[in-house]
Amino acid sequence: MRYLIEGEIIRSENAAKSYKQKSKFVSSYLRARPSSNRVMDFGCGKLRYSDEIVSISEQVVFLDSDLQLSRNQMVRGVSTSVAEYVSPHYAHAQILSFESAVAQGVHGCFDFINCSNVLSAIPCVDYLESALCIIYSALQGGGEALFVNQFRCSSFSKFESGRRHMYGYIYKGRLGYTYYGVMTNDVVVNLLVPLGFEVVNVWSEEDVGFVLVRRPHTVIA
């Protein structure tokens, strides 16, 4: 996704990490989850956690911006696009663009949604709210969503030299402008609860924050 913020173009697709840069904590958590019928990897990027996601689900949807899904890049060691990689490698997986999800809606059919290191790369309030609303809408009653954010990193002081924006900083590097949102667990919880999510668990592993929430079951009067 690309955003025009204060006259500068932020190419958030450049924030996507390779599968070789997995968090051991995220990988372990995903592999230990019970199997689900339908799982979404929201902001799948370069399929960083695709093996873990596929291993716990009968059906998977990988969601990202149309640009991230369609552009040619290195995906799990292959020069291709995410869209072209998924079909021959994951038999029970599909792709869905963020743009299509906004236009058509995704309603109540997922047991679990993974959203790892996504919120910190969204430099626009409207898009951030849209992303969270899509996740809420896509969960079935009782379905859970995991929000993972690295709230410190080795280059944190570099980002702090940029200008303040939303929850973090806009920084100009060699590849252009980057947004790094400091999404602590408290910040994430405060974003999710007003939208109707129920908090299941909140914890941290070193500099990685985890917020597990669920969509409440609908109560029929």
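Glu144 is buried, with 15% relative accessible area. In this predicted model, the side chain of Glu144 forms a salt bridge with that of Arg214 at 4.0 Å, N to O. Arg214 belongs to strand β14 (residues 208-214) and Glu144 to strand β9, so this pair ties together parts that are 70 residues apart in sequence. Arg214 itself is partly exposed, at 30% relative accessibility. Through salt bridges that share partners, Arg33, Glu144, Glu198 and Arg214 are joined into one network.

**Salt bridges**

Arg33 also pairs with Glu144, with 3.0 Å from N to O. This pair links distant parts of the chain: Arg33 is in the loop between α1 and β3 (36-42), Glu144 is in strand β9 (residues 139-150), and the two are 111 residues apart. Arg33 is buried, with a relative accessible area of 14%.

A search of the whole structure gives 6 salt bridges. One of them joins Arg31 and Glu52 through their side chains, at 4.0 Å from N to O. Arg31 sits in helix α1 (residues 24-32) and Glu52 in helix α2 (residues 50-55), so the pair ties together parts that are 21 residues apart in sequence. Side chains of opposite charge can pair when their charged atoms come close. Arg31 is partly exposed, with a relative accessible area of 46%, whereas Glu52 is buried at 1%.

| Pair | Distance, N to O |
|---|---|
| Arg31 and Glu52 | 4.0 Å |
| Arg33 and Glu144 | 3.0 Å |
| Arg214 and Glu144 | 4.0 Å |

**Cysteines**

The count of disulfides comes to 0. A disulfide is a covalent bond between the sulfur atoms of two cysteines. The cut-off applied to a pair of cysteine sulfur atoms is 2.5 Å. For Cys109, the closest cysteine sulfur is that of Cys44, 16 Å away, which is too far for a bond. For Cys115, the closest cysteine sulfur is again in Cys44, at 11 Å, also too far for a bond.

**Surface patch**

Val193, Val199 and Val202 make a nonpolar surface patch of about 200 Å². Of these residues, Val199 is found in strand β13 (residues 198-205). Val199 is partly exposed, with a relative accessible area of 39%.

**The chain as a whole**

The chain contains 8 helices and 14 strands. Its radius of gyration is 17 Å, close to the 17 Å that the globule rule gives for 221 residues, so the chain is as compact as a globular protein of that length. Taken along the principal axes, the C-alpha atoms fill a box of roughly 50 × 40 × 35 Å.

Of the 221 residues, 48% are buried. Among contacts in the chain with a separation of 6 or more, 65% are between residues 24 or more positions apart. The accessible surface of the chain is about 10700 Å², and 49% of that belongs to carbon and sulfur atoms.

How values were computed. Residues are numbered from 1 along each chain as its sequence is written. This is a predicted model: local features need pLDDT of at least 70, side-chain atom pairs count only at pLDDT 80 or more; totals for chains, interfaces and linings use all residues. Side-chain values use heavy atoms; hydrogens and water are left out. Patches are made of residues with over 30% relative accessible area and no salt bridge: like charges are joined within 9 Å, nonpolar side chains (Val, Leu, Ile, Met, Phe, Trp, Tyr) within 5 Å. Accessible areas come from the Shrake-Rupley method with a 1.4 Å probe; for residues, only the protein chains shown count as cover. Helices (H or I, at least four residues) and strands (E, at least two) are DSSP runs, numbered from the N terminus. Buried means under 20% relative accessible area, exposed over 50%, partly exposed in between (1.4 Å probe, protein chains only). The radius of gyration is taken over C-alpha atoms; the globule rule is 2.2 Å times the number of residues to the power 0.38. Contact means heavy atoms within 4.5 Å.
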